[in-house]
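Please read the points alongside the coordinates.

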Amino acid sequence: QPHTMPDHGVIWAFEIFSASVLAELVNKAVLHPIDTLKARLQYQRAVGTLTQQSAKVVGDVWWKDVARWPVVSDVLAAAALVRAELYPMRALFAGLTPSLIGVFPVSLVYMPTYEISKAYVKGTALEGTPVPAVLTGIASATVRVPVSVVKARMQLQLHKDFFSCVREAVSQKRGVRGLYVGFNAVLLLDITYAAIAFACIEHMRAMAYARKERLEGRPSGEYSVKDLSASTNAMIGFTTGIVTSLITEPIDVIKTRLMAQRTASGSGPVEGAYFGYRGVGHGLMSAIRQEGMLTLWKGSLPRLVIKAFGSSLWFTMYMFFRQLFPSSASE
């Protein structure tokens with residue numbers, strides 16, 4: 001018999017949404033400066049200029065080759081970017097407004113889609129498959145792309161304010177299509193990320209339940225999310241962030257460049273860089289051919305911080321807020 005949502009379905013969904021919003025607001029506000037550094041590093045081409053800037057930071061010629069390594073180059077380039085800004089904190093918090101605004105529509109579909117999908121497939125042939133994760137990725141991409149486009153262009157200082165960014169995007173592409181540049185990249189990224197992330201979460205949660213079963217003697221099926229400690233939830237989120245970040249970083253680099261590139265037809269930000277990418281596949285091949293394989297992991301260090309500590313922070317806060325609601329006890 002297929003599993004259905006709990007009898008308190010409306011309240012249950014509202015609790016999930018509320019917990020998602022609160023957790024994501026905390027996450028976005030705390031980690032936005034690091035997200036800005038990530039976007040700006042991903043947008044830079046892997047050329048000699050970056051190495052020269054990095055060499056100036058460390059003041060040693062022998063760093064010229066070491067500075068090409070992904071994590072090292074991220075540290076040095078980030079330092080150069082911050083040093084070059086007259087008002088570093090203002091620059092690092094550019095794009096925070098669309099980021100916070102986007103929390104509400106994304107939270108409305110992200111965890112609710114996953115939780116509801118998982119509830120409906122339980123007890124069917126689809127249980128244990130990535131179907132809930134795929135549906136979550138599709139739903140999330142649909143509402144997240146416009147927010148990501150505006151946020152990325154403001155973080156890269158291609159626009160000074162929210163309204164001018166939206167106005168240019170809409171006018172160039174004849175309507176809302178201008179806000180969906182890079183949709184395929186975001187869709188691929190979200191589906192891949194969601195599939196990997198939720199697989200990790202479910203697997204590690206099952207391992208945590210099994211461990212408690214061995215220690216306490218209760219069947220693992222009797223445990224719920226309320227039985228996991230904050231440290232366990234934090235470790236689950238941290239590990240999930242590391243794994244998903246490393247695997248999906250190349251797609252994220254191309255996504256950033258697609259959203260903020262100036263095209264041959266003249267669309268895109270007027271001051272944007274011209275990469276000539278026609279899509280995700282073409283962008284990946286072009287980046288490798290022109291800049292080398294390592295360029296696909298530019299910005300990997302700040303993204304690792306965001307996804308590892310961010311996932312840990314978000315998941316811990318999400319479970320904390322969920323536990324404040326009575327419905328979580330019946331899951």
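1. Trp-314 and Tyr-318 are four residues apart in helix α13 (residues 300-323), so about one helical turn separates them. Helices here are DSSP runs of H or I with at least four residues, and strands are runs of E with at least two, numbered from the N terminus. The model is predicted: local features need pLDDT of at least 70 and side-chain atom pairs pLDDT 80 or more, while totals for chains, interfaces and linings use all residues. Residues are numbered from 1 along each chain as its sequence is written, and side-chain values use heavy atoms, leaving out hydrogens and water.

2. Rings of Phe, Tyr and Trp (its six-membered ring) pair if their centres lie within 6.5 Å; planes under 30 degrees apart are stacked, over 60 edge-to-face, and the rest tilted. The count by this rule is seven aromatic pairs. One of them, Phe-162 with Phe-163, is edge-to-face, at 5.4 Å centre to centre and 85° between the planes. Trp-314 and Tyr-318 form a stacked pair, with 5.0 Å between centres and 5° between planes.

3. Relative accessible area under 20% is termed buried, over 50% exposed, and in between partly exposed (1.4 Å probe, protein chains only). Trp-314 is buried at 12%, as is Tyr-318 at 1%. Phe-162 is partly exposed at 24%, whereas Phe-163 is exposed at 61%.

4. UniProt, in an unreviewed entry, places "transmembrane region" at residues 91-111, 179-201 and 304-321; positions follow the numbering used here, feature names are shortened, and annotations may be inferred rather than shown by experiment. The span 304-321 is 100% helix and 0% strand, with its end C-alpha atoms 25 Å apart.
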